[in-house]
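Student: I have a model open and some questions about how it packs. Can we go through it piece by piece?

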Amino acid sequence: MDVFGKAIADFYTTGKADTLWLHNSYDVPEEMPVDIFFRGEEDMPLIEHKAISLCYGKTLDVGAGVGSHALFLQELNVDVTAIDISADAVKIMRQRGVKKVLEKDIFLLTEKYDTLLFLMNGIGLTGTLQGFIDFLHKAKNLLNAEGQLLFDSSDISYLYEDITKPQNNYFGEISYCYEYQQQKGSWFNWLYLDQETLIRTAKENGWQCEIILDDGEDQYLARLILAN
């Protein structure tokens with residue numbers, strides 16, 4: 001069952017949803033506010049505004065959710081396609097007016113773009129550090145010449161101030177599980193990259209990395225382009 005999809009569908013249909021819980025591998029479950037996915041441009045943080053302002057050419061909004069960023073890009077006359085694996089999210093995006101929508105896994109995509117955009121820690125869908133490396137190789141075939149990869153991520157070192165970091169895997173690899181109306185979805189892996197690891201990993205795999213914006217609260221916006 002698409003637990004996340006059920007929650008956003010309820011909110012879209014009725015204007016409210018029951019509590020969406022996010023279980024994690026490091027602490028107690030947290031409540032995930034569903035309305036955050038439907039926010040307008042006036043409620044988006046500076047990092048997201050900056051990322052959107054940097055989009056150019058054919059743009060792919062990856063893990064687009066209900067299409068809030070895609071709608072903003074459309075208003076700016078950007079040629080944007082929104083992609084998500086949730087059928088409910090895709091249906092809502094179309095109903096909200098997103099013109100180009102794909103229900104597909106980005107790893108199965110073959111079309112080329114000028115900008116690959118991942119917001120709300122969307123690059124986390126690569127799951128693990130190795131998954132991110134695998135995606136960097138995939139992205140080389142998804143970008144046109146002079147293309148760019150834009151995403152925000154977080155340094156979650158603060159989670160380990162009082163506990164020991166994992167010894168057998170990168171500390172930014174987290175597991176999550178959604179729960180809605182007493183139904184749990186499947187556990188999935190999510191990745192958070194600290195800046196040092198990102199810059200080093202990008203360089204080792206043929207990319208130049210620029211930190212565009214750091215909000216001073218462990219979150220940042222990065223831009224990657226292929227190295228010459």
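Student: Where does A227 lie?
Tutor: This is a predicted model: local features need pLDDT of at least 70, side-chain atom pairs count only at pLDDT 80 or more, and totals for chains, interfaces and linings use all residues. Residues are numbered from 1 along each chain as its sequence is written, and side-chain values use heavy atoms, with hydrogens and water left out. Strands (E, at least two residues) and helices (H or I, at least four) are DSSP runs, numbered from the N terminus. A227 lies in the segment after β12 (219–226).

Student: Is A227 buried, exposed or partly exposed?
Tutor: Buried means under 20% relative accessible area, exposed over 50%, partly exposed in between (1.4 Å probe, protein chains only). A227 has 37% relative accessibility, so A227 counts as partly exposed.

Student: Which residues does A227 touch?
Tutor: Contact means heavy atoms within 4.5 Å. A227 and C209 are 18 residues apart in sequence, with 9.1 Å between their C-alpha atoms. Not counting residues up to four places away in sequence, A227 touches G206, W207 and Q208.

Student: How many disulfides are there?
Tutor: A disulfide is a pair of cysteine sulfur atoms within 2.5 Å. For C55, the nearest cysteine sulfur is that of C209, 16 Å away, and C55 is in no disulfide. A search of the whole structure gives a count of zero.

Student: Why does C55 count as buried?
Tutor: The cut-off for buried is under 20% relative accessible area. C55 falls in that class because its relative accessibility is 10%.

Student: At what angle do α1 and α4 pack?
Tutor: Axes are lines fitted to C-alpha atoms, for helices over the stretch in contact, and angles run from 0 to 180 degrees between N-to-C directions. Angles under 35 degrees count as roughly parallel, over 145 as roughly antiparallel, 65 to 115 as roughly perpendicular and the rest as oblique. The two helices are therefore roughly parallel to each other. Helix α1 (residues 3–14) and helix α4 (residues 87–96) have axes 9 Å apart, at an angle of about 25°.

Student: Which residues of α1 and α4 make the contact?
Tutor: From α4 come D88, A89, I92, Q95 and R96. From α1 come G5, K6, I8, A9 and Y12.

Student: Which residues touch the most other members of the largest nonpolar core?
Tutor: A nonpolar core is a set of buried Ala, Val, Leu, Ile, Met, Phe, Trp, Tyr and Cys residues joined through side-chain atoms within 4.5 Å. The largest has 49 residues. Those touching the most other members are L116, F118, L149, F151, L193 and L224.

Student: Which helix holds T197?
Tutor: T197 is buried, with a relative accessible area of 7%. Beyond four places in sequence, T197 touches L129 and Y170. Its helix is α6 (residues 195–204).

Student: Which residues is V34 in contact with?
Tutor: V34 lies in the loop between β2 (30–32) and α2 (46–54). V34 is buried, with a relative accessible area of 6%. Leaving aside neighbours within four places in sequence, its contacts are A7, I8, F11, A17 and L20.

Student: What distance separates the C-alpha atoms of Y113 and N144?
Tutor: Y113 is in strand β6 (residues 113–118) and is buried, with a relative accessible area of 2%. Among the residues that Y113 touches are K58, L102 and N144. Y113 and N144 are 31 residues apart along the chain, and their C-alpha atoms are separated by 5.7 Å.
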